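Please look at the fold below before reading on. The report then takes up a pair of helices, the nonpolar cores and one further helix.

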Amino acid sequence: MTDTVRKKNKSMVQRRLIPTYIFLIIVSVVSVFPFYWMIAAATNTMADVSRGRLLPGTYAVQNFKNLIASQPLGRAMGNSFAYALSVTIICLFICSLAGFGFELYHDKAKDALFSILLLAMMIPQVATMIPLFKMFSTAGLLNTIPGFFLPMISTPFMIMMFRQNSRNFPVEILEAARLDGLREIAIFFRMYFPCMKSTYAAAAVITFMNSWNAYLWPKVCMTNGQSLNMVMLVANMTGGYVIDYGMIMMGVLFCSIPTMVVFFVLQRQFAEGITGAVK
């Protein structure tokens, strides 16, 4: 009798979950469809893409040949990697050091400074373009890697993220390290860094994706063709009289692959870092 009741209750629960499963399937299909359409369009001709063909074609190799023949793909990929890796490494170091200091050595003055720092998140990026351009033009930093990454190496959001996650850092470890005679910078590298690996992974994913997909500031700062990144290359492909959508989708595919690889490699650590996990 008990088993019959349990089976009946289980079947009722499963029937109640059917609408939820249907909704999740629909949402998943809607989320994945743009990615599928990008891959399908990259393998079709311009005419097929214009007609709305959804099935993969056999024109991928020709689209790739057209892309490398008309656009400096290798240079753009190299520039994007150089920009994104530089920004990610420097931003992680500076923002983690700032978050470490704000949380573990905080006082009223630092709390007031942090509040002012958070106010900077309310300023839109476009409002700073003209002052930044004048500053970097005067300093001779246009069309240079430092000119690209200097405005991005420290962001209020990243500092806030490290500070919030630093609240889970065991203070006992900090006090024990001081008793053992470790300096503060040694505590940061030997104690703090190993415990915050998941936070670093989450911050690395966010920073890499933001710097790889950056368009507005590189468009303003990088004024010659030698400094363009992948996003600028794809944008330039839409400016002609005849737009080859198949070739554009091939460029978009190459532009999307690095960020997808970084996310899928670090997705578990990313989830842990967002929730504030400390190892």
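## A pair of helices

In this predicted model, α11 and α14 pack at an angle of about 175°, with their axes 10 Å apart; axes are lines fitted to C-alpha atoms, for helices over the stretch in contact, and angles run from 0 to 180 degrees between N-to-C directions. The helices α11 and α14 are therefore roughly antiparallel to each other, a label given to angles over 145 degrees. Helices are DSSP runs (H or I, at least four residues), numbered from the N terminus.

On the α11 side, V205, F208, M209 and W212 meet C255, P258, T259, V262 and F263 of α14, where contact means heavy atoms within 4.5 Å. The residues of this contact divide into eight nonpolar, one polar and no charged; Ala, Val, Leu, Ile, Met, Phe, Trp, Tyr, Cys and Pro count as nonpolar, Asp, Glu, Lys and Arg as charged, and the others, Gly among them, as polar.

## The nonpolar cores

The largest nonpolar core has 37 residues, of which L67, F148, W212, W217, M230 and L233 touch the most other members. Such a core is a set of buried Ala, Val, Leu, Ile, Met, Phe, Trp, Tyr and Cys residues joined through side-chain atoms within 4.5 Å, and buried means under 20% relative accessible area (1.4 Å probe, protein chains only). A second, separate core of 24 residues includes L104, I159, A177 and C195.

## Helix α10

In α10, A186, I187, F188, Y192 and C195 are buried, and what covers these buried residues includes α4, α8, α9 and α11.

## Basis of the values

Residues are numbered from 1 along each chain as its sequence is written, and side-chain values use heavy atoms, leaving out hydrogens and water. Because this is a predicted model, local features need pLDDT of at least 70 and side-chain atom pairs count only at pLDDT 80 or more, whereas totals for chains, interfaces and linings use all residues.

Conventions
Buried means under 20% relative accessible area, exposed over 50%, partly exposed in between (1.4 Å probe, protein chains only). Helices (H or I, at least four residues) and strands (E, at least two) are DSSP runs, numbered from the N terminus. Angles under 35 degrees count as roughly parallel, over 145 as roughly antiparallel, 65 to 115 as roughly perpendicular and the rest as oblique.
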